[in-house]
Amino acid sequence: MERIVNHVLDRLGKVKNKTGTFQVFVGFDGYVDTLVKPVKTVAKNGQMTFFETIGEFGEYLQSKAHRSCSLELHKMDRKAGGNAAIFANAISTMGISTNCVGAFGYPKVQELFKNFGDHLDIRSVSEPGYCTALEFDDGKIMLAENEGINAMDYRVIEERIGHDNLYRMIDEADIIALMNWSEMPKCTDIWKGLQEHVFEALPKSSRKKIFVDISDCSRRSLEDIREMMSILREFSDYCEVTLSLNQNEFDRVYEAVSENKEIQDIEAAGRFIRQKSELKYLVLHQMEGAVVFTEKETSFIPNYKVEHPVISTGGGDNFNAGLVFGLMSGMDICATLYLANAVSSYYVSHGKSPKISEIIEYIYQCKEERKAVI
């Protein structure tokens, strides 16, 4: 592990003043997130206690079956959200020039999406969705209203951005990040449009890198998931594809592509998904760490454990930002996973995405703390 940490720090040191030479294209969702904590009890002095885990909250709700109940939600924040926006903000905070196309208000971009840094260019084609995120120490429950993005398809994007602008942004990007297929009912149409009108026209001399996070696909049919995965396989004709999944998504994708609901062996299942879909990398991020499946090997990198996160909504998007940064900066895949874990941990423990200088300092700090424990 020490070799990996040193490799990460070495690469970060070499590229920290050159990040502006990298470029990312991101699409296509967008949400206004209201972050809340469900209140468990309120003392006479007004002091609140909260449900700490999803399991505890679920047991409480189950106990109210056939009775009904009332809950208070303590509002923590209201912020720009959606996988595309959070990821784009995180990767641009690290100094990467970022073009992000999505649902941020139309015809006028909403104020919440105007507060990003200088490295991020937001372009909107639709009204956003609205999400209430219930925060717990071990995860979150997302309650979404998707009316604003349900009608977005490739035609809408191309008409409102312009084909030449869309092609240029993708052609100039080092990595194309496609986010939140699951919550956009017409996202398959968008991907098909990109393949037909953009990817097939890209110069054949260089293979683009595509990064994909489909988000929670629990409510999408197995047939939909199979179609989506077949498109990723077709993308591999033009690009190197990395797919990032959490455990829930991993299980559902495996069921779709293998037609076998039970996973007996995580490693065998991961190798099957990667090979069948012709992915460059398949990444599985879990609470305890991240696993990467490549053509030759499977590797696990343990996570930075945060006992009491300041925020959990966006942790996965910051993990993805670290992952994409590692892929762009020339780190090997294990070092890339280590950086992804570190960026996510920094975000949930500090409540904000880190700059390169901050993540370097954080990794040094954690390195020294681990030495002290040993």
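Q: Buried means under 20% relative accessible area and exposed means over 50%, with partly exposed in between (1.4 Å probe, protein chains only). Into which class does Glu 259 fall, buried or exposed?

A: This model is predicted, so local features need pLDDT of at least 70 and side-chain atom pairs pLDDT 80 or more, whereas totals for chains, interfaces and linings use all residues. Residues are numbered from 1 along each chain as its sequence is written, and side-chain values use heavy atoms, without hydrogens and water. Glu 259 is exposed, because its relative accessibility is 66%. Glu 259 belongs to the loop between H8 and helix H9 (266–277); helices (H or I, at least four residues) and strands (E, at least two) are DSSP runs, numbered from the N terminus.

Q: Where is Thr 336 placed, and is the residue buried or exposed?

A: Thr 336 sits in helix H11 (residues 333–350). Thr 336 counts as buried because its relative accessibility is 0%. Leaving aside residues up to four places away in sequence, Thr 336 is in contact (heavy atoms within 4.5 Å) with Gly 322, Leu 323, Gly 326, Leu 327 and Met 331.

Q: In what order do the strands of the open sheet lie?

A: Strands of a sheet pair through backbone hydrogen bonds, either parallel or antiparallel. Here nine strands make an open sheet with mixed pairing, in the order S6-S5-S1-S9-S10-S11-S12-S13-S14; two strands pair if DSSP finds at least two bridges between them. At the edges are strand S6 (120–124) and strand S14 (298–302), each of which pairs on one side only. Strand S13 (residues 289–293) runs antiparallel to S14, and five bridges join them. Within S14, Phe 300 is the residue that stands opposite Val 291.

Q: Which peptide bonds are cis?

A: Among them is the bond from Gly 27 to Phe 28, with omega near 15°. Phe 28 is part of the loop between strand S1 (23–27) and S2. The bond from Tyr 106 to Pro 107 is also cis, with omega near 10°, and Pro 107 lies in the loop between strand S5 (97–102) and S6.

Q: Which residues line the largest pocket?

A: On a 1 Å grid over the protein atoms alone, a pocket is an open set of points with protein on both sides within 12 Å along at least five of seven lines; lining residues have an atom within 4 Å of a point. In this structure 49 residues line the largest pocket, and Gly 139, Lys 140, Asn 246, Ser 312 and Gly 316 lie nearest its centre. Elements that each supply at least two lining residues include strand S2 (31–42), helix H3 (83–93), strand S8 (139–145), helix H8 (247–258) and helix H10 (315–329); S13 and H11 do likewise. The lining divides into 13 nonpolar, 22 polar and 14 charged residues. Here Ala, Val, Leu, Ile, Met, Phe, Trp, Tyr, Cys and Pro count as nonpolar, Asp, Glu, Lys and Arg as charged, and the others, Gly among them, as polar.

Technical notes
On a 1 Å grid over the protein atoms alone, a cavity is a set of points where a 1.4 Å probe fits but cannot get out, and a pocket is an open set with protein on both sides within 12 Å along at least five of seven lines; lining residues have an atom within 4 Å of a point.
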